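Dear colleague,

I am handing this structure over to you, and the sequence and coordinates follow directly below. After them I go through what was found, part by part.

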Amino acid sequence: MYEQIAFYLFSVLIIGLFLVTVLTKNVLYSMTSLAAGMVLIAGIFFTLGADFLGVVQLIVYVGAIMALYAFAMMFFDVTKDVKENNTNGSLIFLLGGLTALMFVIIMSAPIMSENIQALYPPMAGVTNPQAVGMVLFTKYLVPFEVAAVMLLVAMIAGIILAGKKMDQSLTTEDDVIVEIDILEEDEK
Amino acid sequence: MSLEQFKNRSVGTQTYKMVDYEPTPDTGMGRFQRVVSRTFRGELFVGLYVTMREMINALFGGGMHTTKYPFEKLPISPRYRAIHDMLRLLESGHYRCIGCGLCEKICISDCIKMDTRYDENQRKEVTEYTINFGRCIFCGYCAEVCPELAIVHGQRYETASEQRASFSIFDDMLTPKDALGQQQEFDGFGAVSPNADDNIKKTPLAY
Amino acid sequence: MEIAVLPEVTSAGVIIKAIIILAIISAVAGFGTYLERKVLAFMQRRLGPMHVGPFGLLQIAADGIKLFTKEDIVPQNANKLIFQIAPSITAATAFIALAAVPVFPDFTIPEWIPLLGGVFVPSIAADINVGVLFILGMMAAGLYGPLLAGMAQANKWGIIGSARTAIQFLSYEVVTGLSILAPIMLVGSLSLVDFNEYQTGGFASWMVWQQPVAFILFLIAGFAETNRTPFDLLENEAEVISGYATEYSGMRWGMFFIGEYANMITVSVIAAVMFMGGYNDLGFIAGWLIVILKIAFIFFLMLWVRASWPHIRPDQLMWLCWKVLMPIAVINIVITGFVMMV
């Protein structure tokens, strides 16, 4: 019974918070509600018994990705409302609603036909992280490694893009002179 | 001290201990070596040792430096310039002030006001004497200029009060008549130096 | 497993445990402020708080009364709602993290107590098998307190403070996670109870001797995550007034403070249980006493370091994290992996 109460509580709160995320005009409100919704999704994982996924949700989505969003928000004046220039509100509402409806139908179709079947049913005596590891390194090994390589490529590209003047220090006198020279060259 | 040492104006090169600043290494390897050497030099642990030593010393070695101020007070220098005191003559008990007005004249923040008249003995009598302590900067000129050592700086440095007038009335600053025995001769600002007697020379008229 | 032997954990027991954690840890966090002031004072040859109660012990009560009765100011252009909920995020995440930390041994409430008699109170409020990761995750979520507080208050010091929060917490989370990964590989579990079982063999079996590098890395990263002195950049007075807490007053500021001290206790507990032998008996000293002594030592170490070492610059902070600590942590994991395989 507790699980059901928790599930409905979390679901209602998540939907409400994500609605706030979409509908509010204040950047800070939308960011806060998105982060809170992410925490509650972790809560749903916990009620399902997927402790590891819940914790990963917390660390990755709440701790890292949302914090990066927040970092981007610092370029705005978050205390002011965003001015949106929607010309056709009803069209957006219609398109958004249709997309959502389609998504719901796609996701719920297997449940309706009762075709859902776990390919890797939970094994007895295996803890949560171990189960995740087994699936990840057997069935999904290739996608996992491909994702890892892609992330590595993205990381190296990011370092190269951001690190053009990384080896110059502004703290020593010689480097300041070098920096001034570079600036002068830029001006020319 | 010889004249040469006086003439050396570059103060920085004489007794100061120069901190050994190595030049910043240019190469990556040099920087790496500096980081490694600084990491394993153990300077951070010297810092930890110093604070721990001080703590043990303060707790068990009597090295605590706190003065519990309102309950304990540190002695202050006799030359300290706090709220003024008006002294009395020890023999007669009359106040020393002769009403010359020098202190009023010299006061650079213009905070001393005095009023005098001749009494029945044709002697100057002080009728009004106030110091506005809202303006006084405690420069000490009044004590220095006073020919009679009548106005001196006392030891009352806790100058918070509920009224402006608390310190400024002549009678408040004057030594109470019954406390004449406790009146201390001021040896601070403007006072006679301790070896004043040695410096007195006979004038030609005494021969 | 051996948990089956223990009495069943009921929801009443968990709720009682949660109340105990809340009450004890907030009291201990308050006492931590007293300890910090005292220890810092002694190291600077001062006396510290002396006048409220014997040796100033009731200073916490005086501070609490002051904080509760102070005016709660919300700045004019601030985002009122976010400004008001931000401190509770810090305090709440700090206490939620403690849900997965073993505090006090198990006990059963005696039968003669009405209503609650016979209820079994577990040592961990939520005994999930990914305890360590849960604590890290909650501490990661704790970053929202300072972040939102700084962004909501319409103050430039606040926004600089929250920017520093974001970079510092995000970066050092990586180091914390990687540094405890090597011990986790050795133990093969994420539960703090298993860590404790792993180190039953006395002083020589402590994890510190097997993973000294991981221990040092974890301590450094723990200092950064709890915003302690060498990495005290979020509210470094000389640079950014009080950082994210600039506009806060009264109890809302106090909640940031309690959250910070609760986090310090959490880090001390993790370090004591994961690396320093946990709550196993050491010779003739009982386990509960030795674990309290270990936690107290790590807490004292934080104060000691604060008295001794200077701040570092933000760029040095980032340099230390990404160019020094993270590579060392990764190398440590690789070496641990090789040693385990061979």
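This is a predicted model: local features need pLDDT of at least 70, side-chain atom pairs count only at pLDDT 80 or more; totals for chains, interfaces and linings use all residues.

The contact between chain A and chain C comes next. It takes 29 residues from chain A and 32 residues from chain C, and the area buried between the two chains is about 2400 Å², with carbon and sulfur atoms giving 79% of that area. Of the area that chain A buries against chain C, Leu28(A), Tyr29(A) and Met74(A) supply 20%, which is more than any other three residues. The count of salt bridges between chain A and chain C is 0, while 2 residue pairs are found in polar contact across this interface, both at pLDDT 80 or more. On the side of chain A that touches chain C, the elements giving two or more residues are H2, helix H3 (51–73) and helix H5 (128–138) of chain A, and the largest share, 14 residues, comes from H3(A). Sorted by kind, the residues on this side of chain A divide into 21 nonpolar, 7 polar and 1 charged.

Thr32(A) lies in helix H2 of chain A, which covers residues 27–47, and, once its neighbours within four places in sequence are set aside, Thr32(A) is in contact with Ile82(C), Ile85(C) and Leu148(C). Is Thr32(A) buried or exposed? Thr32(A) has a relative accessible area of 11%, and therefore counts as buried, since the cut-off for that term is under 20%.

The last topic is the aromatic rings. Over all chains the count comes to 16 aromatic pairs. One of them is formed by Phe218(C) and Phe275(C), a tilted pair with 5.7 Å centre to centre and 35° between the planes. This pair links distant parts of the chain, as Phe218(C) belongs to helix H9 (residues 212–225) of chain C and Phe275(C) to helix H11 (residues 250–275) of chain C, 57 residues apart. Phe218(C) is buried at a relative accessible area of 2%, and Phe275(C) is buried as well, at 0%.

Phe257(C) and Tyr261(C) form a further tilted aromatic pair, with 5.1 Å centre to centre and 45° between the planes. Why are Phe257(C) and Tyr261(C) separated by about one helical turn? The two are 4 residues apart in helix H11 of chain C, and so about one helical turn lies between them. Phe257(C) counts as partly exposed at 28% relative accessibility, whereas Tyr261(C) is buried, with a relative accessible area of 3%. Finally, ring pairs link Phe83(C), Tyr244(C), Tyr248(C) and Phe256(C) into a cluster.

With best wishes

Methods:
Residues are numbered from 1 along each chain as its sequence is written. Chains are lettered from A and ligands numbered from 1 in the order in which they are written. Side-chain values use heavy atoms; hydrogens and water are left out. Buried means under 20% relative accessible area, exposed over 50%, partly exposed in between (1.4 Å probe, protein chains only). Contact means heavy atoms within 4.5 Å. Rings of Phe, Tyr and Trp (its six-membered ring) pair if their centres lie within 6.5 Å; planes under 30 degrees apart count as stacked, over 60 as edge-to-face and the rest as tilted. Buried area is the accessible area (1.4 Å probe) that two parts lose on being put together, summed over both. A salt bridge is a side-chain nitrogen of Lys or Arg within 4 Å of a carboxyl oxygen of Asp or Glu. A polar contact is a pair of N or O atoms within 3.5 Å; within protein, one must be able to donate a hydrogen and the other to accept it, and residues adjacent in sequence count only if both atoms are side-chain atoms. Ala, Val, Leu, Ile, Met, Phe, Trp, Tyr, Cys and Pro count as nonpolar, Asp, Glu, Lys and Arg as charged, and the others, Gly among them, as polar.
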